[in-house]
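Student: Could you walk me through reading this structure? I'm new to it.

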Amino acid sequence: MLKYEIKKIFLKPVNRIVLMVLAVIILIGSFLAIRDVKYYRGENHSALSGLSAARQLKKEKNQWKGYITEEVIMRVVEENKTIKLSSDSPDNALALCQGFEDIRHLINLGFSETGNYDYYLCDNISSGKAAGLYERRISKLKEELSASGDTKTADFLVHQYEKLKTPLYYEYMEGWKALLDSQYLPTLMIITIVIIGFLVSGVFSNEFHLKADSIFFSTEFGRNKAISAKIKAGFLIITVVYWSVMLLFSAIILGVLGFDGAGCMIQAGENWSSLYNITYFQSWLLTMFGGYIGNLFILMLAMFISVISRSTVITITIPFALSCAPMFLGRIPLFTDIMNLFPDMLLRMCAFLDDLTVYEIGGKVFGVYAILIPVYLLLSFVVVPLIYCSYKKAEVK
């Protein structure tokens, strides 16, 4: 029965076309993410991109490979100033600074005012002041939290910041940055969930649409094993398609740009302010697993709604609505707090690891993802018996 349900999904020409479109999107997304890696040569404003850029950047950046100590920070500041003063053009200066650009970026992030990033801050800061980068990270947070009056939240965030082991280790990590620090991965997750929604939309509604429900429910196993087969088919399609897409996308980008930097903390990249003290590899695992749970819940909910509504069209709209609408509603201050708890946040996790959103439950403070992941995992399993019982009790019309 399970093979039959899966075969019904993949034998539809439209579903095959949709999967081919998804494969093309993966390739396009991978190409764009790889292409965005640039190496500037300075002369004639020329630049390399993709694999050739990655090779040059790896040579340049690994000259600074190691722990970002106070001495390294001071050296970056001094070398940056020397290059700026001696270069005859901004393009040449940019090209010469590429080896330590990531460390320069950390200094800018650490000492810029919140919400007002100053790209040129490192050009003017003293090396002695820059050496206090790690202390500044904590003191800056304390300053921001001092006006809130919420001591539990403040204590939790400060404790998370203090738990970060410093000095940070640094090496070339463009592959992980291209994969996790861009908008391509969250966008691909949203596209994937919409396409999987299209694939599973007819699992429960087709019998009603084809007027075959009377035959289906009158068979010996129509109200037990057949329903279980449909649930298993939906679960397998969600799981196999999601992980195939994510693993292929990751393999292409990391295969071209390199797996180097997997052990670097995400604070050494674009997530300087993150409260999650994890490496890039751990960030990838968290992002992939969180995205899977978000997919699983939304699509299981969509299948449950298809059982109740008996409509394929409504089923298709659910993944789109739950993955896209909260993203826009969250921009309205009135809805921000509640929208942060919607499952779409799990699809865009890598883009929000730098966010300090926390919630207090039972006197304890948790990061938003420490709440969302177990809650939606549990709800995904809760939906399964609801699907089974609702479809089993369905009346033939």
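Tutor: Let's look at a helix pair, then at some aromatic rings. This is a predicted model, where local features need pLDDT of at least 70, side-chain atom pairs count only at pLDDT 80 or more, and totals for chains, interfaces and linings use all residues. Residues are numbered from 1 along each chain as its sequence is written, and side-chain values use heavy atoms, leaving out hydrogens and water.

Student: How do I read two packed helices?

Tutor: Two packed helices are described by the angle between their axes and the distance between the axes. Here, helix α2 (residues 13–35) packs on helix α15 (residues 225–257) at about 30 degrees, with axes 10 Å apart. Helices here are DSSP runs (H or I, at least four residues), numbered from the N terminus. So α2 and α15 are roughly parallel (angles under 35 degrees).

Student: Which residues of α2 meet α15?

Tutor: Among them are Leu22, Ile26 and Ile34 in α2, which meet α15 residues including Val241 and Phe249; contact means heavy atoms within 4.5 Å.

Student: What about aromatic pairs?

Tutor: Rings of Phe, Tyr and Trp (its six-membered ring) pair if their centres lie within 6.5 Å; planes under 30 degrees apart count as stacked, over 60 as edge-to-face and the rest as tilted. The whole structure has twelve such pairs. Trp243 and Tyr292 make a tilted one, 5.7 Å centre to centre with 40 degrees between the planes. Trp243 sits in α15 and Tyr292 in helix α16 (residues 280–309), 49 residues apart.

Student: Is Tyr292 buried or exposed?

Tutor: Tyr292 is buried, at 10% relative accessibility; buried means under 20% relative accessible area, exposed over 50%, partly exposed in between (1.4 Å probe, protein chains only). Trp243 is partly exposed at 25%.

Terms used. Axes are lines fitted to C-alpha atoms, for helices over the stretch in contact, and angles run from 0 to 180 degrees between N-to-C directions. Helices (H or I, at least four residues) and strands (E, at least two) are DSSP runs, numbered from the N terminus. Angles under 35 degrees count as roughly parallel, over 145 as roughly antiparallel, 65 to 115 as roughly perpendicular and the rest as oblique.
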